[in-house]
Amino acid sequence: MKLLHPKIDADEEVILIGGGHWITLLKPFFLLLLGWGLFIFLYYIASLVKPLAEPSSLLLMLIAFFMLIVAHHFFFIYVLEWHISGLVVTNKQLIEFRFLPFVEDDVNFIEISQIHEIEKKKHGFLKNIFNYGDVVIDFSGKALPIEFHYIDHPGKFVNLIEAIKFKKN
């Protein structure tokens, strides 16, 4: 696979393409379920109120449908963001893609030879059970580290980056 970009050399090889862990999809999924629950509740209340006050019933139904549309919108936006955003590891650099439609469209290039220290963090029961965590990268010239969240198998990711770094030296 050849990536064509000015910051990618012709002899550069793609080693790993990855994204966030699947567990990050649980939040939008539960928000979608909550949206459906609120829709059903408001629609039921609107059907009970309809014989007494038809305009109020109509307003409740419109609010219910609006909430359902908003819940579906956010669900598909977050699934799209999860699918498009990710990391690409080559034999020379890390490339991070962050994309959220109309809000964020970032590409970060990190030279592996410039990495001073890399560490993984897996704090918590769910992170250890489902094997995901955070990876923190420190650079010798920068004050603030770069953090990648929800990395699948962070230990293997850190070992891969260290192997690439020490293989080059």
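I looked up isoleucine 137 and found its relative accessibility to be 0%; buried means under 20%, so isoleucine 137 counts as buried. I note that the model is a predicted one.

Entry on location. I placed isoleucine 137 in strand 6, which covers residues 132-139.

Entry on contacts. Which residues does isoleucine 137 touch, leaving aside residues up to four places away in sequence? I listed Leu94, Ile115, Glu117, Ile118, Pro145, Ile146 and Phe148.

Entry on distance. I compared isoleucine 137 with valine 103, from which it is 34 residues apart in sequence. From C-alpha to C-alpha, isoleucine 137 and valine 103 are 25 Å apart in space.

I then turned to an open sheet of four strands, whose order is 1-2-3-4 and whose pairing is antiparallel. Which strands form the edges? I found strand 1 (14-18) and strand 4 (104-111) there, each pairing on one side only. On average, neighbouring strands of this sheet are turned by 10° against each other, with direction ignored. I recall that strands of a sheet pair through backbone hydrogen bonds, in either a parallel or an antiparallel manner.

Entry on one pair of strands. How many bridges join strand 2 and strand 3? I recorded four bridges, in the antiparallel sense, between strand 2 (residues 86-90) and strand 3 (residues 93-100). Opposite leucine 87 I found glutamate 96, which lies in strand 3.

Entry on the helix. I saw that helix 2 (residues 54-84) packs on the sheet and touches strand 2 and strand 3. The direction of helix 2 makes about 165° with that of strand 3.

How values were computed:
Residues are numbered from 1 along each chain as its sequence is written. This is a predicted model: local features need pLDDT of at least 70, side-chain atom pairs count only at pLDDT 80 or more; totals for chains, interfaces and linings use all residues. Side-chain values use heavy atoms; hydrogens and water are left out. Helices (H or I, at least four residues) and strands (E, at least two) are DSSP runs, numbered from the N terminus. Buried means under 20% relative accessible area, exposed over 50%, partly exposed in between (1.4 Å probe, protein chains only). Contact means heavy atoms within 4.5 Å. Two strands pair if DSSP finds at least two bridges between them. Axes are lines fitted to C-alpha atoms, for helices over the stretch in contact, and angles run from 0 to 180 degrees between N-to-C directions.
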